[in-house]
Structure formats: C-alpha cells, structure tokens
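Subject: Structure for your review

Dear colleague,

Please find below the structure that I am handing over to you.

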Amino acid sequence: MKGKNDDIGADKRLEMYRLQVEIRDCEKRAYDLFLQNLVKGTSHLSLGQEAIAAGVASAMQPGDLSFCTYRGHAHTLARGVPMEKVLGELMQRDNGLMRGKGGSMHLTSIEHGVMGSYAIIGAHLPIACGAAWRAQYLGKTDVSVCFFGDGTTNIGAFHEALNFAVIWKLPVIFVCENNLYMEYTPISEVTAVPHPAGDRAAAYGLDRIVIDGNDADVVYRTMQAAFTRARAGEGPSLVECLTYRHSGHSRADPAKYRPAGELEEWLKRDPVKIYRARLAEFGIAEAAIAAIEQESRRKLDLATEACKAAPMPPVELLTTDVYADGGWAWRN
Amino acid sequence: MAELTYRDAVARGIAQEMERDERVVFLGEDVAKAGGVFKATVGLYERFGPLRVRDTPISEQAILGAAMGAAMTGLRPIAEIMFADFAAVCFDYIANEFPKLRYMTNGQLGCPLVVRTGNGGGARFGAQHSQSIENWTMMIPGLKVVAPSSPLDVVGLMAAAVRDDNPVIFHEHKSLYAMKGEVPDGEIVDSLGTAKILRPGKDATILALAMMVPRALEAAEALAAQHGIDCEVIDVRSLVPLDTQTILTSVVKTGRLFTVEENPRLCGWGAEIASIAADEVFWDLDGPIVRITTPHIPLPAADHLEDLAIPNAARIAERVSRVMNGSQR
C-alpha cells in the first residue's frame, strides 16, 4: 500500500482526521445553535481551516502552549478540550470553560495548554514571546505557538513580536492562517506583498515558509521542523498556511463579497475531504474512518444536550476574579 | 539609615526584590547596560546579569506583551515604559490585556507584573514627554496604581508591587528623581492601598500625589504661618486600591477637602475622590470640595508656561486660603 510506512503513520493520521472531523462537526453545531439563538454575541468559525488546527496540535507535546485569536474554537478543541466545555462557553453557560465570563472569543483552558484567545488583533504575539521567554529563562523545553490570521500581519504588534522573538531567539512559532480575507476585504487589496506573512519573514532573518494549510500532513511536517528548531534553541519560525474559510468572518457576515465560484473551488480542496481520501490512500479501513465520524457525532450530541441543560452562570460571578484575591474591591 | 535619591531608591527597590526572588526579571529600553535614561536602574545589569536585566528594542507593545506572557506563566516581570506618555502606544496591554485576563478566564490566569514609568512634568520636555497619566490607569478595573512621592516609599511600594499578584502600574515622577530622603537599611516592604498622613492638621484636608506632595506640604506650612490655617496633608500614594478610610476620616475631622492634582482637569483622580466624599460624608463638610489641578491643556515646553500650568505651593496656598475665607473661587 502506497506510503503505508511513511513518517506519519496510521495512528497519527487517524488522530488528525479525528480532530478535523470533531472541529468540523462542532463548528457546524455552533452555527446551528446561533440560528436557534442559543449562542449569543458573536462567533468566528474555522470551517475550512481544520487542517491547520489538527496538524499543529498533533505536532505539539504536552506542556507546549497555544495562544489563539477570537477564531480559536478549533485550536482549543485540537488541544483536547471537551466539546461540552467549548460549546458551553459559546452558549455562555455555567458549564463553559470560563463559566460564561469570557465567551466565544476568549476560550482558555490552562490544563490543556490553551493560554487564552485574544480578541485584539496582534496582542497575543508579544504575549506568546513572553511565555517563550519564561521557558528560555527557566531552561524549560516547552514551545509557545501563536495562531493568527492574515490581517494581523499589517498591525504593529506583529512586527514588534517577530523582531523581538528573533533577537532573543525565543522558542515560539508564529502560525499565520491566511484565509485570503481579513474581515470583508481581500488581504491582497491591503497588503504590500502577495504573501502577508511569508514575504515578511526575510525582514526578520527568517525562512520564507508558505504551505498548503488544507493538508494536515503538510502542516504537521512543517510544524515538526519548527518545533525541532525551537527546542534546539535556534529561535522562532513564521509559518504561513494557505487556507479558506467556508463561512463569513463572523456570525454577522454572509460573505457576499466573495467572487462567484471561489467558494466552490475551495470546497474541492476541503481539508476534511482531502484527509478522508488520504486515509483511504494509505490503506486505512473504511470502518475505522466511519467509526471516527460516528463517535464525533455521538460526542457532539451529548455535549449539545449537556449545554442546553446547563444553568446560566450564577450572579455571584459578576464580580469575581477582577483581582487576585478573587474579588473586585478597589477601595477600603 | 542612608540618604538616597528617589532615582537610587528605584534601583534599590528592584534589587531588593531580584535578590529575594529569581522569578523577578526586568526589561525595557536602555535599562540594562545604560542604566536607564533617568539613571534609575544603574548597577542592576552588572549585579543580576544579562538574563535577568534585559535591554529591548523600542517596541513598547513587545515589552508589555512579553512581560505579560512571562507573568502569566510564572515569572514576576518588571517592565519599564520610559516616559509615561508612551503608555499610549501600548495601551492595549494596559487597558485590554493585563486587567481583563483574570476575569475573562474565570481566574485561570493571572498577570503579576509591574510597569514602571516616568510620569509627570516639570522637566520642560513639552507635551509628549511631560503628562501625568495616572488617571488613564486609575479608570481601568483590574489594575492597581501607585505613585510614590519619596525615596522610602519608592523602595517599599516597589516591593509591595512586585509581590502583588495583580498588574501594578508604578508611576515614578520624573521631577522627583533627584529628591533625597532617608531610607533605613535592610528589607523594606510597604503595602498597596494605603495613604499616609504626612502633616496632621485640624482645619482642612489636602490630598496630593507624587510631585504634588512636597508642594502641598510647602503650601501647608505657608498657610499655617501666614493665615493660621492648619492643614492635614495626605499623600494618597495608591489610587487603586484607594484608602478611602484614611481620606474620609480626615475629611470628617476637618470638614474641608482639597485635592492637588497634576493631571489635566477632566476625570482627574481627585474628581473620583470628590464624588466619594460628596456621597458619603456630605453632611460633615463645612464648605465646597475644591480641586486644584493643571488646567485642561497639553503641557507647554517653555519653563514659565509649564510653571503656570502645574499647581505649585503658592497657588495651592492662595486657593486654599481664599476658599477657607469664604470665597467660592
């Protein structure tokens, strides 16, 4: 069987497929829950971008840290956070990751190494540098991974963080998910170079790494090399993953700005479909593939029901954890 | 006991904490090899080495972001923002990131760090290097905010800030760096959230912060000598937490409240305290609450103009005496 014994292997491939399926299912369910008005506020889905989350997370080790953006459901799930915890937070219920205090844009689970999801563009790149600095200072081998979109490459914090990470040789990996649109505007209309991250790498003495972000194998292999470099003390990497979001920027966006046929072209390169075919190509039995899909739907339905049944956060939470003493007192 | 300058007290306070706790690290522009543009961190690089005392590029967002990332994963960073005015280019961290992390994550993460910054005027630096920004930081839930007025308080409040598990904005006053004061030997640890009565008095309460403290004390002496008005001068020291007990107890005793603020007029820290006093001790007041502030203008560079803008002892004394004698203005 072609490639059967390649560097990735069946077990890792099944794991990456499982992650992509679970993220796809969970994001679709999040959208359904919007339509039922059970998810409030806003939400930014990663439909179409699942291969990046799966490929990166599968290359991470326990103890490595993830720093996400408001489009962070996928990366949070990929680190092993249960669906119920994610959907519960989207539904702002007491069973959510942060008991409804953060919401969709701020998913955090330190026990899974998810060190926050940041909703101010670019803010978390320097923060990831700081976490990497701590690892370097304490002689630890963990690596910080920072995810962001193409639009982030035009904000100052991106450039400050890259320069900073290089001069301090920090164990941090910057992963740009280039889905071609910042919010509604094509990134190409507002960026001086064709590849918003990759073409900036040279300015910081880094290799230009632009990869197919819809192929989890490609993402996984690229990240393995970046992790090796980071753990060897050779400094940061900047990886631009080309991808496409199947839905709009956020809940409010029907994505009418996309030219006719563009979505259809990208759907042919749907990462979940690509990977399903890949598994078959490597001789993995259809039954094993189908079992992953069935299990994902089963877990998702259980999680959804648990969230619907969960209470809203208690009113006492309104004023907890403003300060480290657990309260909010600003005066005596 | 040694006489130290306010600038030397900064280095002493940081050194005390770095000596005690290896998790304490220090970063900023020109802070290491050069010892800081105000020479407030001289000797730290030589004493604690290049891994703990680090020069950074002119990248205020990277400085504060890196401090935050280190803080939330186990270090106790001290970051310098050279001039307080530059807080505006990294305000995302001060307004959105540090103070909301613990709340948004339901207590999963915290941000125990100190941002030191050179605040305030009097050095003829013009509008973009002279502002008093303490009120910018006071208004944000989740931050603690202190502004010492003496070398002793610099050392003690620095220690308290570094040991605190919250993000603390530490406003040093640029025009106080040369001030000298007695500082006892040995470890000094103060507490955040405590005001200090520096001059007891019975007729009026004057609240001041940072450089306004020595000016208020000077005014109080003049008021006593020339007008027989006995003022109680309180160094507020900590805007968040705010020691309202000490402040309101004094106001109840004297029946009169004046604030002396270097920040421009609107939304200065004294406005908040005035509103608290009006809410809670109104019936103990014998006259209007009066705020003596820098006018609502950018600061000019020319020395005689800057001196006109920032409250000084003569203006404080003149205003207090007129109000105490029944004038509304």
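In chain B, strand β6 (residues 144-146) pairs with β7(B) in the parallel sense, and three bridges join the two. Within this pair, B:Val146 has B:Phe170 of β7(B) as its bridge partner. Please keep in mind throughout that this is a predicted model.

**The sheet of chain B**

These two strands belong to an open sheet of seven strands in chain B, with the order β3-β2-β4-β5-β7-β6-β12 and mixed pairing. Its edge strands are β3 (53-55) and β12 (238-240) of chain B, each of which pairs on one side only. From one strand to the next, the twist averages 20 degrees. As a general point, the strands of a sheet pair through backbone hydrogen bonds, and they do so either parallel or antiparallel.

Helix α3(B) packs on this sheet, where it touches β2 (24-28), β4 (76-83) and β5 (114-119) of chain B. The direction of α3(B) makes about 165 degrees with that of β4(B).

Strands β4(B) and β5(B) pair in the parallel sense over five bridges. Here B:Glu80 stands opposite B:Arg116 in β5(B). Is β5(B) enclosed by the rest of the structure or exposed? Six of its six residues are buried, so β5(B) is largely enclosed by the rest of the structure. B:Val114, B:Arg116 and B:Gly118 point one way from the strand, while B:Val115, B:Thr117 and B:Asn119 point the other way; all are buried.

**Helix α4 of chain B**

Helix α4 of chain B covers residues 91-104, which is 14 residues. From its first C-alpha to its last it reaches 18 Å, close to the 20 Å expected at 1.5 Å a residue. Where does α4(B) bend? The bend is at B:Glu97 and amounts to about 25 degrees, and a proline, B:Pro99, follows within four residues.

The buried residues of α4(B) include B:Tyr93, B:Ile94, B:Glu97, B:Phe98 and B:Pro99. Towards the end of the numbering, B:Leu101, B:Arg102, B:Tyr103 and B:Met104 are buried as well. In chain B, the buried residues of this helix pack against α3 (60-72), α5 (134-138) and β7 (168-173); in chain A, they pack against β2 (114-118). After the helix comes B:Asn106, whose phi is positive, near 55 degrees.

**The contact between the chains**

The contact takes 35 residues from chain A and 40 residues from chain B. On the side of chain B that touches chain A, α3, α4 and α8 (244-254) of chain B each supply at least two residues. Which of the elements gives the most to this side? It is α3(B), with nine residues. By class, this side of chain B has 18 nonpolar, 17 polar and five charged residues.

**The sheet of chain A**

Chain A has an open sheet of six strands, in the order β2-β1-β3-β4-β6-β5, and the pairing is parallel. At the edges stand β2 and β5 (209-212) of chain A; each has a single partner strand, so one side of each is left without a neighbour in the sheet. The twist in this sheet averages 20 degrees from one strand to the next.

The partner of β2(A) is strand β1 (residues 65-69) of chain A: the two run parallel and are joined by three bridges. In this pair, A:Ser66 stands opposite A:Val114 in β2(A). Although β2(A) stands at an edge of the sheet, five of its five residues are buried, so β2(A) is largely enclosed by the rest of the structure.

Strands β3 (residues 144-149) and β4 (residues 172-178) of chain A pair in the parallel sense over six bridges, and A:Phe147 stands opposite A:Val175 in β4(A). Helix α7 (residues 216-231) of chain A lies across β4, β5 and β6 (237-242) of chain A, running at about 175 degrees to β6(A).

**A buried loop residue in chain A**

A:Ser43 is found in the loop between α1 (9-35) and α2 (50-59) of chain A. Why does A:Ser43 count as buried? The residue has 21 other C-beta atoms within 10 Å, and the cut-off for a buried residue is 20 or more. Leaving aside residues up to four places away in sequence, A:Ser43 touches A:Ala30, A:Phe34, A:Leu90, A:Ser104, A:Ser250 and A:Arg251.

Conventions: Residues are numbered from 1 along each chain as its sequence is written. Chains are lettered from A and ligands numbered from 1 in the order in which they are written. This is a predicted model: local features need pLDDT of at least 70, side-chain atom pairs count only at pLDDT 80 or more; totals for chains, interfaces and linings use all residues. The expected span of a helix is 1.5 Å times one less than its number of residues. The bend at a residue is the angle between axes fitted to the seven residues ending there and the seven starting there. A residue is buried if 20 or more other C-beta atoms lie within 10 Å of its own, exposed if 12 or fewer, and partly exposed in between; C-beta atoms are placed from the backbone. Two residues are in contact if their C-beta atoms, placed from the backbone, lie within 7 Å. Ala, Val, Leu, Ile, Met, Phe, Trp, Tyr, Cys and Pro count as nonpolar, Asp, Glu, Lys and Arg as charged, and the others, Gly among them, as polar. Two strands pair if DSSP finds at least two bridges between them. Axes are lines fitted to C-alpha atoms, for helices over the stretch in contact, and angles run from 0 to 180 degrees between N-to-C directions.
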